[in-house]
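Could you walk me through how to read a fold like this one? I would like to take it feature by feature.

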Amino acid sequence: MGIIEKMRLDGKRIFVTGGARGIGKSVATAFAEAGASVAIVDVDIEEARKTAEELSEKTGAKMIAVQTDVTDPKQVEEMVETVVSELGGLEAAFCNAGICINAPAEEMSYEQWLKVINVNLNGVFLTATAAGKYMLAHGGGSIINTASMSGHIVNVPQPQCAYNASKAGVIMLTKSLAVEWAKKNVRVNCISPGYIGTDLVLNAPALQPLIEQWNAMAPMGRLGKPEELQSICVYLAGDTSSFTTGSDFVVDGAFTSF
């Protein structure tokens, strides 16, 4: 079997949080194209259903939509139960749901801080450990968390201390889970994207001045594309990455290299 065939995800069952749009949708598309059955998990169930139907028609893969608030432990547990029941198992998870609130630290309310930390860090903890519990009991699996280059640097000019702190936390959470589960065949890695031109980013008028500044600062002079995160996630979800765990993959066009 050649490397291309080995990279396929036939028979894998995967959930993707924040899967209805943006990075989540793009990576879910790649998983489905590689042969996996995929659960689109999102708080917006209508958009999740649209995405699941679209990808099913496009790829022929089995797709389901599951409404879940990743900050609610009960909902997360029920989500995993639904995925396992409807797809037949769970071999990989992409814990990707996240939000950002830009506000100067001295003006940021505690409610704003908590909202970001709850989704970006607590939500990853809940979904990753819920997936991990199932995988530990069923022979193993692969968990991929979405961190950010913001876990490595302080973004400018926008103030986003809560986002930066949450993503730095995701990186260390990933490493911690990877070490705990290394001998139990459950691998945990994360990706740290740079600025990615999702539809929401590109179509937000308020972000256009920031995009111009980001591009001016970027070595490649542009935003990344959602599809430029697909191959690393397919690799991490599959068996060819069997010796890869506890790693953080920075995909940022060299933005953090200087």
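The dialogue below goes through the sheet, its neighbouring helices and the salt bridges.

Q: What should I know about the model before I start?
A: This is a predicted model, in which local features need pLDDT of at least 70 and side-chain atom pairs count only at pLDDT 80 or more, while totals for chains, interfaces and linings use all residues. Residues are numbered from 1 along each chain as its sequence is written, and side-chain values use heavy atoms, with hydrogens and water left out.

Q: How do I read the sheet, and what is the order of its strands?
A: Strands of a sheet pair through backbone hydrogen bonds, either parallel or antiparallel. Here, seven strands form an open sheet in the order β3-β2-β1-β4-β5-β6-β7, with parallel pairing. β3 (63-67) and β7 stand at the edges with a single partner strand each, so one side of each has no neighbour in the sheet. On average, neighbouring strands of this sheet are turned by 15° against each other, direction ignored. Strands (E, at least two residues) and helices (H or I, at least four) are DSSP runs, numbered from the N terminus; two strands pair if DSSP finds at least two bridges between them. Angles run from 0 to 180 degrees between N-to-C directions, with axes fitted to C-alpha atoms, for helices over the stretch in contact.

Q: Which strands are joined to β5 by bridges?
A: β5 is joined to β6 by six bridges, and it pairs with β4 over four. As landmarks, A93 has I143 in β5 as its bridge partner, and N145 stands opposite C190 in β6.

Q: Is β5 enclosed or left open by the rest of the structure?
A: Six of the six residues of β5 are buried, so the strand is largely enclosed by the rest of the structure. "Buried" means under 20% relative accessible area, "exposed" over 50%, and "partly exposed" in between (1.4 Å probe, protein chains only). G141, I143 and N145 cover one side, with S142, I144 and T146 on the other, all of them buried. Helix α5 lies across β1, β4, β5 and β6, running at about 175° to β5.

Q: How many residues of helix α9 are buried, and what do they pack against?
A: Six of the eight residues of α9 (230-237) are buried, among them I232, V234 and L236. The buried residues pack against several elements, including α2 (22-33), β5 (141-146) and β6 (186-193). Contact means heavy atoms within 4.5 Å.

Q: How do I read a salt bridge, and how many are there?
A: Side chains of opposite charge can pair when their charged atoms come close. The rule used is a side-chain nitrogen of Lys or Arg within 4 Å of a carboxyl oxygen of Asp or Glu, and the count comes to ten. One of them joins K25 and E54, whose closest N and O atoms are 3.0 Å apart. This pair links distant parts of the chain, with K25 in helix α2 and E54 in helix α3, 29 residues apart. K25 is partly exposed at 23%, and E54 is partly exposed at 38%.

Q: What separates K74 and E78 in helix α4?
A: An α-helix has 3.6 residues a turn, so residues three or four places apart point the same way. K74 and E78 are four residues apart in α4 (residues 73-87), which puts about one helical turn between them. Their side chains meet in a salt bridge of 2.4 Å, N to O.
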